[in-house]
Each structure stands twice: as structure tokens, then as C-alpha cells.
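Colleague: I have the model open and would like to go through a few of its contacts with you. Can we begin with an interface and then turn to some helix packing?

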Number of protein chains: 4
Amino acid sequence: MSLNTFGHLFRVTTWGESHGPAIGCTVDGCPPGIKLSEADLQPWLDRRKPGTSKFTTQRQEADQVRILSGVFEGVTTGTPIQLMIENTDQRSKDYSNIAQAFRPGHADITYHQKYGVRDYRGGGRSSARETASRVAAGGVARAVLASLAPGLKITGYMVQMGVHAIDRARFEAAVIEGNPFWCPDAAAVTVWADYLDGLRLAHNSVGAVIEVTASGVPAGLGAPLYGKLDSDLASAMMSINAVKGVEIGDGFAAASLTGVENADEIRMGAAGPEFLSNHAGGILGGISSGQPVVVRFAVKPTSSILTPRATIDGTGAEIDLVTKGRHDPCVGIRAVPVGEAMMACVLADHILLDRGQTGGVRGQIG
Amino acid sequence: MSLNTFGHLFRVTTWGESHGPAIGCTVDGCPPGIKLSEADLQPWLDRRKPGTSKFTTQRQEADQVRILSGVFEGVTTGTPIQLMIENTDQRSKDYSNIAQAFRPGHADITYHQKYGVRDYRGGGRSSARETASRVAAGGVARAVLASLAPGLKITGYMVQMGVHAIDRARFEAAVIEGNPFWCPDAAAVTVWADYLDGLRLAHNSVGAVIEVTASGVPAGLGAPLYGKLDSDLASAMMSINAVKGVEIGDGFAAASLTGVENADEIRMGAAGPEFLSNHAGGILGGISSGQPVVVRFAVKPTSSILTPRATIDGTGAEIDLVTKGRHDPCVGIRAVPVGEAMMACVLADHILLDRGQTGGVRGQIG
Amino acid sequence: MSLNTFGHLFRVTTWGESHGPAIGCTVDGCPPGIKLSEADLQPWLDRRKPGTSKFTTQRQEADQVRILSGVFEGVTTGTPIQLMIENTDQRSKDYSNIAQAFRPGHADITYHQKYGVRDYRGGGRSSARETASRVAAGGVARAVLASLAPGLKITGYMVQMGVHAIDRARFEAAVIEGNPFWCPDAAAVTVWADYLDGLRLAHNSVGAVIEVTASGVPAGLGAPLYGKLDSDLASAMMSINAVKGVEIGDGFAAASLTGVENADEIRMGAAGPEFLSNHAGGILGGISSGQPVVVRFAVKPTSSILTPRATIDGTGAEIDLVTKGRHDPCVGIRAVPVGEAMMACVLADHILLDRGQTGGVRGQIG
Amino acid sequence: MSLNTFGHLFRVTTWGESHGPAIGCTVDGCPPGIKLSEADLQPWLDRRKPGTSKFTTQRQEADQVRILSGVFEGVTTGTPIQLMIENTDQRSKDYSNIAQAFRPGHADITYHQKYGVRDYRGGGRSSARETASRVAAGGVARAVLASLAPGLKITGYMVQMGVHAIDRARFEAAVIEGNPFWCPDAAAVTVWADYLDGLRLAHNSVGAVIEVTASGVPAGLGAPLYGKLDSDLASAMMSINAVKGVEIGDGFAAASLTGVENADEIRMGAAGPEFLSNHAGGILGGISSGQPVVVRFAVKPTSSILTPRATIDGTGAEIDLVTKGRHDPCVGIRAVPVGEAMMACVLADHILLDRGQTGGVRGQIG
């Protein structure tokens with residue numbers, strides 16, 4: 001990770017602001033010979049796209065991704081893949097009132113403090129719009145994973161909205177794609193819809209917790225001690241806008257467990273070691289164990305709200321600020337496909353990194 | 001972060017195994033002209049040292065740090081600083097029963113899967129012993145911070161042991177250094193001592209939550225979007241042995257907040273902007289705001305316990321394993337100085353990184 | 001340097017192929033508040049542009065650079081600067097005969113060996129067209145240098161074409177911009193023009209040596225031992241298409257000198273140390289001394305020529321290949337602005353890197 | 001490359017000063033399961049060791065290398081390998097006269113300018129003594145190459161001392177190891193011995209040109225455009241003390257060639273493509289072609305000489321300086337094993353990097 005680049009070998013560099021002409025990213029280090037087209041990437045972008053329900057910002061963006069390099073005759077060439085998404089609905093005037101003010105809870109003030117200058121239109125570089133580039137890069141990562149780890153499957157969903165958590169007993173994977181919240185608990189969907197409607201009408205917003213699971217991850221991924229798989233996932237998820245916490249497996253709940261409870265006991269199965277539980281979330285010592293990799297992250301409530309909040313402007317004058325514009329009442333919703341994309345990028349990167357050092361050969365057991 | 005190195009400009013590369021002749025690290029990129037001696041580093045190592053109470057491993061290590069390079073006539077020269085700590089109490093026989101077995105919850109099996117070979121003595125590279133190197137590097141980082149951010153102060157403490165959390169209303173900073181748990185709540189100390197004694201005698205162990213706070217952090221540190229201060233802290237803390245979760249400010253609790261509640265409102269103070277609350281934990285958009293930086297991380301219970309657990313050995317045979325040896329019943333205790341060290345390294349690194357790009361000049365307000 | 005990125009803090013990632021829709025680069029880590037517009041960059045691109053004389057390829061490219069991000073209201077914001085140049089004259093049919101054949105002396109065969117697939121149109125990624133992105137990035141670097149090292153001046157020129165070297169006694173800086181070869185020796189211009197005309201009509205091509213000098217470089221730039229200023233310059237220049245050698249100061253001629261001759265003796269001038277000679281080319285121990293930094297690099301002859309050469313095709317069949325198309329008879333000519341751009345990028349990067357570690361404060365003498 | 005680390009995946013971080021207690025390096029990213037012992041490394045260090053003939057410095061150093069980590073039961077574990085060499089003959093008093101003076105042609109002044117402070121004993125960090133660490137790391141790289149590219153062979157030798165170049169017609173590989181200059185031309189050995197004796201007695205020194213060849217290099221190594229194999233070799237060789245120029249294949253001579261002459265024509269051999277010449281030095285477009293990789297570098301004369309040279313001291317006073325002490329009259333001699341080591345490290349690194357991205361699978365021909 002370095003400024004606007006992440007990844008060791010599968011490296012993604014993103015660029016662009018919310019209201020500039022375009023945003024995009026360069027994916028460098030992609031293996032050659034992987035089948036890839038714009039049609040492979042677009043579905044992932046469509047999942048993250050704003051304006052798909054009343055629960056997301058009403059900004060209208062086609063989010064049409066173009067591949068400008070690195071793909072020839074339908075396959076990757078091993079050279080940098082440039083992905084560009086044009087901004088089409090940049091109503092800058094919506095943001096005029098915040099040009100000189102610092103929204104509480106927002107990066108406005110820290111960008112000003114650090115850089116002395118900022119593109120204030122729609123949050124500029126700090127806008128969640130940048131995550132479209134991550135999702136596009138995630139699409140490339142998924143193509144790599146489909147080639148190098150065919151059984152691998154990534155699933156993201158929301159497990160908590162505000163004070164309302166799902167009931168794990170009602171978890172149904174099939175429910176996830178059928179509601180606007182990526183919620184795996186059908187009963188929670190109704191509760192969340194009412195809850196969020198109420199908040200939205202009250203000119204308020206709310207936080208959420210997202211879980212992303214990857215099954216079929218090969219054992220052996222992760223480069224301890226400072227390129228651990230969990231370190232890299234923590235960094236990747238924490239880099240998403242508004243994320244304030246990341247946990248792996250039991251996460252913070254593991255602090256309350258005893259060693260006897262927390263031990264994922266091991267038995268020998270037909271295809272190799274089998275674990276009797278997965279408190280570890282699929283990662284031990286920073287290396288994947290072959291169990292599902294489970295990551296959760298907390299998203300704070302959108303800071304741009306229609307309720308006035310006390311703040312200052314660039315002259316130091318104290319004001320009350322109402323943030324007009326088109327904002328997500330629960331930005332966690334659109335963070336689901338972003339979390340999936342980051343998972344895909346980190347796993348693709350670690351497959352390449354592991355293959356580089358070890359050749360991808362696994363130590364035998366039995 | 002890359003394999004065994006972390007940091008952008010202030011870069012730390014650690015090496016060594018639990019039962020090899022020595023462990024250590026190279027600190028590269030340190031500014032020149034900083035006063036530094038072994039006597040400046042030793043106190044930090046003494047805080048992390050094993051065997052200081054009955055609540056930590058009884059392994060006896062002097063943990064004497066030597067500076068082998070990079071310091072001349074009492075000041076840093078800007079060249080790599082090599083810090084070496086000899087291992088003196090490596091009773092390898094203690095670990096003979098786990099040479100061929102995989103401890104549940106431990107990195108034994110994943111190191112085997114990844115590398116096909118491992119130094120099984122005392123956990124080898126995956127041992128918490130490695131964290132002594134981090135603490136030594138943290139000592140160098142503190143010297144840098146003392147020079148470049150004189151008012152900056154880092155404080156680590158334990159806020160939860162197993163099921164017992166501190167009462168924030170009883171928080172007293174002065175209490176922290178006076179008990180073996182770095183606990184800021186005097187009443188909790190007694191509870192924890194009894195609790196941990198019981199677990200230890202029952203051949204069990206337990207997890208913990210650590211909080212590390214840095215006050216006096218200059219505004220403007222952090223390199224969005226992928227070298228964000230919070231991303232780097234998440235990565236740094238998650239790379240510590242046994243850590244399963246990291247959060248900044250309100251962290252996971254922020255998911256339950258509304259935007260109205262979560263907004264840290266801003267007023268103009270005599271010395272610049274002042275925030276009326278610190279839900280953000282001192283970081284907005286990946287950049288420090290000048291408020292205290294607050295990080296918490298969850299440590300799972302020690303996996304090496306005297307209670308038998310079901311597992312397999314290298315031949316795939318199913319066995320019940322008791323891990324003899326000298327282990328910490330709550331490895332979270334010794335993680336406190338490690339968390340402080342990682343905070344120091346990340347902040348020193350970001351001060352240099354920010355100075356490189358922006359010259360360390362801050363945007364004016366008012 | 002890493003795959004398609006170079007630089008430590010001022011990092012340039014280039015992307016794009018000769019005959020794709022566009023090429024470009026991301027400049028990350030640029031200081032904020034630097035005045036920058038497309039009009040500042042275009043003149044540098046115009047210098048490198050093909051088709052400006054009969055001595056360069058007749059491909060017609062406007063090489064119009066667009067800034068897509070990182071600049072707001074005329075100044076850099078500290079966020080990634082995306083520079084895009086559309087390809088407008090991609091006559092792919094010109095290259096049809098080499099789609100399946102490997103041009104001798106060209107990267108065709110090694111790209112095939114490494115990646116198994118390549119964009120054969122106009123050399124694809126290995127085309128010198130990519131250097132337009134470097135020149136654009138160099139324009140940004142020059143803006144940074146103008147701000148942080150105002151007296152710094154970079155001058156590139158050709159000192160040898162084929163067997164004809166310039167006469168140093170006739171060196172006139174004013175001559176450089178007035179001829180199509182960036183030649184500082186007016187007498188050599190005529191010789192070179194005739195020589196190159198002859199080679200071109202004979203369906204041949206020829207090599208060259210370029211020198212790039214930077215005066216006004218602050219002392220203290222360079223991060224020994226593996227981020228030395230000369231190491232980074234060597235890497236930067238060697239990465240330019242067709243470059244086969246790099247030297248600093250006296251370079252290979254230094255091998256013939258004795259220690260007595262080679263010592264650049266030092267006297268004390270009004271403004272600090274003054275050197276009586278510059279065998280070192282402005283760099284000692286990898287660090288700039290304040291003297292002009294002098295780099296030379298050798299460019300091999302264009303490998304795409306109209307004279308038939310023995311080679312094989314993808315099936316392994318032995319063929320004689322004539323490379324039709326629009327090629328530079330002396331690709332070294334257009335390498336001059338590219339070498340200048342790489343010098344600018346490396347120096348801007350090292351100013352930031354040095355400022356990060358040392359604060360840019362210099363050790364006093366006297 | 002970054003400060004004191006080089007390599008992408010096979011990463012070497014060196015530390016230590018000439019007259020500190022020890023020097024050494026961390027080799028990170030080494031594949032696991034490679035047979036390695038101190039006895040495998042020592043012979044390479046013995047080749048570089050000072051004091052082996054009257055033509056090298058008379059400093060006496062055992063240069064005994066110790067492996068402190070990363071190797072267990074005779075094989076690498078995939079964790080960082082720490083190599084330490086104690087300094088035993090640090091007669092600091094020899095250097096007392098240069099503590100406050102800047103030797104012309106030496107890094108003394110630039111280290112002072114950059115860092116404001118330096119370890120002046122024996123050149124400190126800028127001493128050629130640091131290259132012992134590179135040679136140790138090179139020993140590890142050779143073990144990796146022996147495992148992953150069994151036919152690969154690296155040979156270094158001196159092709160020019162001062163004004164005396166070898167006669168290529170008399171090149172005999174068998175001669176190289178039998179003389180103190182690693183000279184492949186038996187007739188030149190006598191000339192060089194007399195020449196160097198004369199210079200040494202005249203209190204002078206002289207430069208040299210070294211060539212390093214690697215045969216059996218697999219095709220496909222190199223990560224264009226900025227991790228090109230030749231860029232990385234240029235950077236690696238230029239980072240060696242006193243090196244002022246690097247060239248690949250025909251290098252600067254290629255500037256005088258025409259395209260017809262320079263084309264390495266290709267025919268189809270029994271085992272794949274065969275080149276009829278090797279002007280390219282085994283690298284095309286930054287990627288190895290399967291031909292021998294040929295690198296040359298120029299070493300300037302030792303700047304520490306017994307002949308007085310005009311310079312200044314730290315107060316700015318103008319003085320005449322004689323550098324007493326034990327110096328190499330031709331430091332190029334001992335640069336031969338160093339150049340070999342850098343070649344080994346770069347090739348090992350690129351084998352891992354290529355394997356990471358492409359899986360090490362080669363595009364078929366025929």
C-alpha cells in the first residue's frame with residue numbers, strides 16, 4: 001500500500017475525483033492469457049451503481065467501464081490494464097454551500113489541513129465515488145481467481161444496519177441478491193426498510209456492518225509477518241470510505257473466549273485436514289488455512305445529512321451546516337460490492353505473491 | 001508492508017525465530033541527528049519482557065538490545081539502524097511434543113502448508129517473541145517523534161480481559177503503570193487477577209482488548225487513499241500475533257450510530273479548530289485531524305494450553321494434544337507495549353511521508 | 001521501480017499500447033499547490049512528437065495531453081494526476097506482416113516467450129510510443145522542480161550519432177533547439193543530416209548517444225545505498241526503449257583514469273564548496289554534490305528496418321523479414337526529450353524523498 | 001530499490017558500517033526448502049575478502065558469515081535470513097586525519113551535506129566493506145538459482161584495468177580464477193601486475209571495467225517497463241561503490257552500429273530459437289531472451305590515495321589531504337565478486353517475480 005496504489009504483485013492504482021471528467025484505475029501485474037472484456041466487468045459495477053433504489057443516492061451515473069489497455073483480442077496481455085469510468089452526472093452546484101465549509105465527520109477539514117487545497121465538488125477525491133474503480137479492479141481480480149483458484153467464491157452481505165442485527169439462525173444465502181440491502185435475513189429486510197425510511201425522512205443516516213466471506217480459498221496464502229493475509233485484508237477494508245473497524249473470524253468476540261473454546265480442533269478428512277469450527281476466520285498466523293475467510297467491517301453513518309450541525313468554515317467562522325445534495329442514507333449498502341472487490345483483489349494478489357515465493361506447492365500432510 | 005518489512009519511509013524489517021541465536025530488526029530511513037542509545041531503547045523492551053509477573057510466560061529473557069549500526073557518537077546518522085537481541089533461554093526440549101503436531105488455533109499447520117518446512121521450536125518465526133523487535137523499533141520511532149512532534153504522547157492499556165471490560169467512568173491514567181495488566185481501572189485489576197488465576201490453574205487462557213491512544217498528533221498525517229493513517233494502523237495492529245480485530249474511534253459501535261449522533265461538531269478554539277466529540281478517533285478520510293488518535297484491537301486467547309485438544313500430526317494421524325511449555329495465559333497483556341510500539345512506528349513513518357509530499361506545511365483556517 | 005511504476009514518492013505509473021485507444025500515466029505523490037495546466041505540459045510533448053522532420057517516423061499524432069484528475073482550479077491537489085493521450089493515427093494494417101513474425105533485435109520474441117500473447121500492433125506495449133507518457137509526467141516533475149528547486153535547469157542533447165561524435169570544443173547550448181537532432185555542435189548537424197539521409201535511403205538505421213545535464217541540483221539528493229541518485233538515474237534511463245548503456249560523469253572513461261586525475265579537488269567559494277572539475281558528474285556516494293548532474297545513455301539503432309533480416313515466425317518457420325511501417329531511422333533523436341523527462345522525474349522524486357527523511361536541511365560547512 | 005533494500009520479491013536489506021561491530025543483511029522472500037549452510041556462503045565471501053594479494057587493501061578481515069535466522073535443519077524456511085559478519089580489524093586511528101576533512105572524489109562531503117553527521121571511520125556506511133553483505137546475499141541467491149534454474153552459470157572477470165584492455169581473442173575462462181585480477185587474458189595479467197605495482201608505489205590508483213556474464217538464463221525474465229531486467233541490472237551494478245557506468249551487450253558500442261549490423265538474427269534450433277549473434281546481451285525489451293546475459297560496469301579509481309589533493313575541511317578551511325590507511329589501488333578487482341553477487345540476486349529476484357505473475361510458463365514457438 002502506498003498513496004494511491006495497493007497490492008504487492010497484483011497492483012491497483014486508482015485516480016479521479018467525484019466531479020472531474022472521469023475516474024479509473026490501472027491494474028498492473030495481472031497474469032497474461034486471462035479472458036477479459038468490458039462485459040465481464042460491467043455487472044460488478046452495476047451492483048454498486050447509485051440510484052438503484054430509494055435507499056441509495058439519487059445521483060444518476062451509468063458507470064460504464066472502458067478497458068483502455070492491457071487486453072488484446074479478448075485476453076489479458078500481462079501489461080497494465082487501464083479501466084476508465086466517465087462521470088456523467090456532476091451537478092456541481094448541489095455542493096456550492098460546502099465549498100468553504102467543513103462538514104462535521106467528513107474529510108473536508110483534514111484534506112484542507114494536509115493539502116491546503118481541495119476539490120470540494122462532491123467530496124472530490126474523498127468521495128465514495130472512487131470505489132467504482134475498486135469494483136472495476138475487483139472484476140479483473142475475479143477473472144484471475146476464476147483462472148487460478150476455480151472453486152473460490154466471494155459473498156458479501158450486510159449483517160447489521162444501525163441497531164438492528166440479523167438473526168444468524170435465519171441466514172439464507174439465496175435471500176442476499178433479492179433485496180436492496182444485500183441482507184441474508186428475510187425478516188430483517190422489512191425491519192431495515194422501515195428503519196431506514198424513518199431515518200431518511202428525519203434527515204438522518206445510519207451505520208452498518210458488512211461481512212464478506214470467501215470460500216474455496218487455497219491454504220497457504222499470506223506472507224507473514226507484515227504481508228499477512230489478515231493484515232492486508234484489514235488495510236484493504238479500512239481504506240474503504242467510512243470504515244471504522246475490521247475483524248477476522250470471531251474478531252472482537254474472540255477477546256471474550258477462552259483458549260479451550262477458541263481452538264479450532266482439527267480432524268483428518270478425505271481431502272485433507274478438516275477444522276471442527278472456524279473461530280479463526282480461515283487465517284492462522286497470517287496464512288490461509290483452507291477454511292472460509294471471513295471478514296467483517298463497520299461503516300459509520302454518512303456524514304452528509306440534511307440536519308444542521310455545528311461547524312466552521314475556512315475563515316474560522318462558526319456556522320450551522322446543512323449538507324444538501326444526493327447522499328446515501330446508509331452508505332454501508334453500497335459498501336457491500338466494494339468489500340467483495342477488495343477481498344477479490346487481496347486474494348488474487350496473495351495467490352501471485354505466494355506463487356512467486358513458494359511456487360504454489362503445498363506442504364503435504366499424511 | 002511487504003513480507004517482513006513495514007513502513008513507507010521509516011521502514012522496519014524484522015528477522016529471527018524464537019529459538020534461534022538472536023532476533024532483531026533493521027530500522028531504515030530514520031532521520032539523521034536524532035539522539036539515540038541502547039539506554040533509550042532498553043526501558044521499552046523491559047516493559048514487554050517475559051517473566052515479570054505470574055501472569056506472563058516464565059521464560060527468562062534478558063531482552064538486552066544492542067545497536068550494531070546507524071548510530072555514531074550518540075546520534076543517528078541516517079543509515080540503517082540494526083538492533084539485535086540475543087535469545088538466551090531457548091529450552092527447545094520443552095517443545096519436542098509439538099514438533100510433528102499442529103496445535104489447534106496456532107500457525108503450525110498453515111506454516112507447514114505454505115512452506116513445507118518450519119522451525120517448530122517455540123513457534124519459530126510465528127512466536128510472539130518476534131514482537132521484541134517491534135518494541136525496539138518502536139523505541140527508535142519514539143526518539144524520532146520526540147524530535148519532530150514534541151508534544152506527542154502514546155498510551156496503551158487493556159480495556160477488556162475475557163468477559164470483563166473496564167468501567168470507563170473509573171478510567172485513571174495513573175493506574176496503568178501500577179498493575180501487571182496495564183489496566184486503567186483499579187477495581188478491574190482485582191477482578192482480572194482472580195479471573196486469570198482461575199483460568200491459569202484450569203489450564204486455560206483468555207483473550208483481551210487493548211486500546212492505544214496518541215495525543216498531540218499533528219493534523220495532516222495520512223496518505224489517502226491506500227496509505228491512509230487508519231489503514232496503516234489497521235495493518236500494523238492486525239500484524240501483531242493473535243490479533244483478530246482492529247477499530248478506530250467508535251469502531252464497530254459507529255455502525256449503531258446515526259449521522260446526527262456521529263458528527264463530531266467543530267468549533268473555533270484559540271489555537272485552531274476544536275471538536276466537540278471524537279467518534280472519529282482522530283482520523284477523517286484517512287488523515288489525522290489533530291484530535292487524539294484512538295485504536296483498539298482484540299487479541300484472541302493463547303492457543304498453547306495444557307488442556308488436551310483434538311488435532312492431527314504431520315502424518316495425518318488424529319491425536320489429542322496438550323501443549324506443555326511456558327505460555328502466557330493472556331497474551332494480550334504483553335501486547336500492550338507492542339501496540340504502543342506499532343503506533344509509534346506508524347506515526348513516525350507518516351510524519352516523514354507527509355513531510356516528503358507536502359513539506360509538513362498545514363492549510364490555514366481562519 | 002516495480003512493473004509499470006517508477007519513483008519512491010513521486011511515483012509514475014504508465015499504461016497503454018501503441019495502437020490502443022489511448023496511452024497515459026498516473027502521477028502520484030505530487031505536492032499540492034503547484035500551478036499546473038495542460039498548457040504547461042503540451043510543449044514538452046510537442047518536442048517528442050513524431051513527424052516533425054523527415055528524420056523521425058511519419059506517424060501523425062497530435063499527442064494532445066489531457067489532465068483528468070488531481071488538478072483543481074489550476075493547482076495540484078496532492079491527489080493522483082491522471083494524464084491521458086489519445087492515439088489517433090493507428091494504421092494497424094501497416095503492421096500486419098509482423099503479427100506472427102519476430103523482428104530481430106526487437107522485443108517481439110521475448111514478449112511472446114514471457115506472456116504467450118502480445119498486442120503486436122505497432123509494438124504494442126514495447127513501442128516507443130509509451131515514452132509520450134513519460135514526457136507528460138516529466139512536465140509535472142518540472143513544475144514541481146520549478147517550485148522546490150527554482151534554479152534547476154535540465155538540458156538534453158545528442159552527442160553522437162552512429163560513428164559521428166560531436167566536437168566538445170564546438171559545444172554551443174544555443175544551437176541545440178535549432179536543429180532536428182538536438183545537436184549542440186553546429187558543424188556536426190550537417191554531417192549527421194547527410195549521414196542519416198544516406199542510412200534512411202539504404203533502408204537502414206543507426207544508434208546514438210544522448211547526454212542530459214541538470215544544473216542547479218541541490219546537494220544532498222540520493223538515498224544510499226540502494227536508492228542512490230545514480231542508481232535511480234541508471235534504472236530510469238535504461239528503462240527507455242532501445243537504451244543499452246548508461247554512465248554518470250566520466251563514466252566508462254573513468255576506468256582509464258588514475259586516482260590523482262579523477263579526484264575532483266575542492267576549494268571554498270563564496271557560496272560554499274566549489275569543485276575544480278566534475279569527473280564525478282555531480283554525484284558522490286550516490287548523493288548529489290551540488291555540481292551539475294551529467295548522465296549519458298546509448299541508444300541502439302531502430303530494429304524495425306526495410307532491409308530483410310533472417311528470423312522465425314510463431315510456428316518456428318525460418319523467414320526473411322522486412323519491417324514495413326513508419327519508423328524512426330535514429331530513434332535516439334526522440335529519446336532526447338524522454339531522457340530529460342526521466343531526469344526531471346528522478347530529481348523531483350529525490351527532492352521529496354530527501355525532504356521526507358532529512359527535512360531538506362543541509363549539513364553546514366564553514 | 002528503496003533506501004537500503006533492493007529486489008522485488010527476493011529482497012536484500014543491508015546494514016552496517018566499516019568500523020562498527022558488524023555488518024550484515026536480511027534476505028527476505030527466499031523460497032523455502034532450499035539447502036543452505038554457512039559453508040555454502042563462505043567461499044563467495046573468501047573471494048571478495050581483503051588482504052589476499054598485494055593488489056588489495058591490507059586490512060585483515062576473516063569475513064566469517066553467520067546465519068542467524070531463516071534456516072532450520074539445513075534448509076531455508078521461507079522466513080527472513082539474517083547474515084552477519086563481524087568486523088574484527090577496525091583500526092580507527094588510521095582514519096583520524098580524515099575525520100574532519102573531505103577526501104576529493106569520495107562520499108565524505110555529500111554524506112556531510114545530506115545528513116549533517118557521518119561515521120567517518122573507514123568511510124562508514126559508504127565504505128566498500130558493505131559489499132561483503134551483498135556477496136553473502138549473492139550466495140543465498142546462487143542457492144536459489146541452483147534450485148530453480150539449474151543450468152544457470154555466472155562468471156565475472158575484469159576486462160580493462162586503467163588504459164589496458166584485454167584482447168578478446170585471448171579470452172580463456174580457465175585463466176580467470178588463476179590470477180589476482182580475475183583476468184581472462186593470461187598475457188594481460190603480467191601487464192596489469194606491473195602497471196598496478198607502478199601506480200601503487202607512486203601513491204596512485206586506477207579504474208577498471210568488469211564484465212559479468214550469466215549463461216543458462218531462462219527466457220522470459222524481466223518485468224517491463226520499469227522492472228525491466230536491464231533496468232534492474234543497471235540499478236544494481238550502479239549501486240556498487242565507485243561504479244560510474246553500466247552497459248548491456250554491446251552497450252555504448254551499439255550507438256555506432258546500424259540496424260542491419262545490430263539485428264541479432266534468429267534461426268530455429270533443435271531446442272528452440274537460436275540467435276546468430278548477441279549484440280543485445282541477452283535482453284530484448286527488458287526481458288531475457290535465453291541468450292547469455294552480458295553486463296559490464298566501469299569502476300573509477302580509488303579516491304583514497306597517498307598523493308596530496310586539494311580539498312577543504314568541515315570548517316571550510318582549504319587544505320591538502322593525503323589519505324593514509326589501507327586502500328585498494330584498484331578497487332575494481334574486488335568488485336568482480338560483488339558484480340557476480342548482484343547478478344545472482346537480480347536473476348533470483350526476477351525468477352520469483354516472473355513466476356508470481358506468469359507462473360513461469362513460456363509462450364510456445366513452433
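Colleague: How much area is buried between chain A and chain D?

Modeller: Bearing in mind that this is a predicted model, the area buried between chain A and chain D is about 930 Å², and carbon and sulfur atoms give 56% of that area.

Colleague: Which residues in chain A lose the most area to chain D?

Modeller: Those are A:Arg355, A:Gly356 and A:Gln357, which together account for 53% of what the chain A side buries.

Colleague: And how many residues does the contact take from each chain?

Modeller: There are 13 residues from chain A and 13 residues from chain D in the contact.

Colleague: How many salt bridges and how many polar contacts are there between them?

Modeller: The count of salt bridges between chain A and chain D is zero, whereas nine residue pairs are in polar contact, counting pairs with both residues at pLDDT 80 or more. On the side of chain A that touches chain D, the residues divide into six nonpolar, six polar and one charged.

Colleague: Switching to chain C, at what angle do the axes of α1 and α3 cross?

Modeller: The axes of helix α1 (residues 38–48) and helix α3 (residues 131–148) of chain C cross at roughly 145° and come within 9 Å.

Colleague: Is that crossing of α1(C) and α3(C) left-handed or right-handed?

Modeller: The crossing of α1(C) and α3(C) is right-handed.

Colleague: Which residues make the contact?

Modeller: From α1(C) they are C:Leu41, C:Trp44, C:Leu45 and C:Arg48, while the residues from α3(C) include C:Val135, C:Gly139 and C:Arg142. By class, the contact of α1(C) with α3(C) has seven nonpolar, two polar and two charged residues.

Note on methods: Residues numbered from 1 in each chain as written. Chains lettered and ligands numbered in written order. Predicted model: local features only at pLDDT ≥ 70, side-chain atom pairs only at ≥ 80, totals over all residues. Heavy atoms only, no water. Contact = heavy atoms within 4.5 Å. Buried area = accessible area lost by both parts, 1.4 Å probe. Salt bridge = Lys/Arg side-chain N within 4 Å of Asp/Glu carboxyl O. Polar contact = N/O pair within 3.5 Å; in protein donor to acceptor, adjacent residues only side chain to side chain. Nonpolar A, V, L, I, M, F, W, Y, C, P; charged D, E, K, R; others polar. Axes fitted to C-alpha atoms, helices over the stretch in contact; angles between N-to-C directions. Helix = DSSP H or I, 4+ residues; strand = E, 2+ residues; numbered from the N terminus. Left-handed = near helix turned anticlockwise from the far one by under 90°.
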